[in-house]
Amino acid sequence: MTWTINIIGISLLVALFYYRRHSQRKQRNLQSEKGAIFLENVRVNWEKIEIDTSNCSVIKYDTKIDRNSPLYQPQHKEESFFDWMNKDNNKVNLVDVARSKFVCNYFQNGELIKSFSRTVDIDITVAQFKLKLRDYVNVYVNNHSILDDYYIDLSFLQEKIDLQKFNN
């Protein structure tokens, strides 16, 4: 009788783990869809400013995040069932996260008008390399808001690098 309860309990834990993993993937896909809708809205309705990449810099902004925090997202590999089972919410388990901060300065007639910044979860070496491949970075400003709303379009960071360009 006890072994059947143990088997049922273990089966429920495994099912809960896979349900949670499926829910997180579904949530990430939904967020990326919302992100695409937001970006399209910004591109259509906000004012676009093209900033030369020579006026942009990337700062190493690495940090540590508590792995047991609900805000933590696994970076490169999926969390295994055993990792999930061994998670202790009462314990702080810090994980290194590679981050970079983009700072783009907008100049008009040689005068600094405004600095724009955005932090992304990407290694600084990759961020700097992909920025050097670009001629400009688009910044969108919402002129219809009393807030200082702007969006730096860093979607080029998700693009694959075309090595054929360098062979010619």
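Reply: In this predicted model, strands β5 and β6 run antiparallel and are joined by 9 bridges. Strand β6 covers residues 111-120, while β5 covers residues 100-108. Across this pairing, F107 faces L112 in β6. The hairpin formed by the two strands has 2 residues between them, and N109 adopts a positive phi near 55° there.

Strand β5 has another partner as well: it pairs with β2, residues 56-60, in the antiparallel sense over 5 bridges. In that pairing, I59 is found opposite K101 in β5.

In soluble globular proteins, nonpolar side chains tend to be buried together. Here the largest nonpolar core has 20 residues, and those touching the most other members are I51, F102, F116, L131, V137, L154 and L157. Both β5 and β6 supply at least two residues of this core, as do β1, β2, α3 and β7.

Setting aside neighbours within four places in sequence, its contacts include F102, V103, C104 and Y106. Also in contact with F116 are I49, I51, V139, V141, Y150 and I152. A separate core of 5 residues lies apart from the largest one, and L39, V42, W46 and Y151 are among its members.

Buried residues account for 25% of its 168 residues. Of the contacts between residues at least 6 apart in sequence, 70% connect residues at least 24 apart.

Conventions. Residues numbered from 1 in each chain as written. Predicted model: local features only at pLDDT ≥ 70, side-chain atom pairs only at ≥ 80, totals over all residues. Heavy atoms only, no water. Pairing = 2+ DSSP bridges. Helix = DSSP H or I, 4+ residues; strand = E, 2+ residues; numbered from the N terminus. Core = buried A, V, L, I, M, F, W, Y, C linked by side-chain atoms within 4.5 Å. Buried < 20%, exposed > 50% of the residue type's maximum accessible area, 1.4 Å probe, protein only. Contact = heavy atoms within 4.5 Å.
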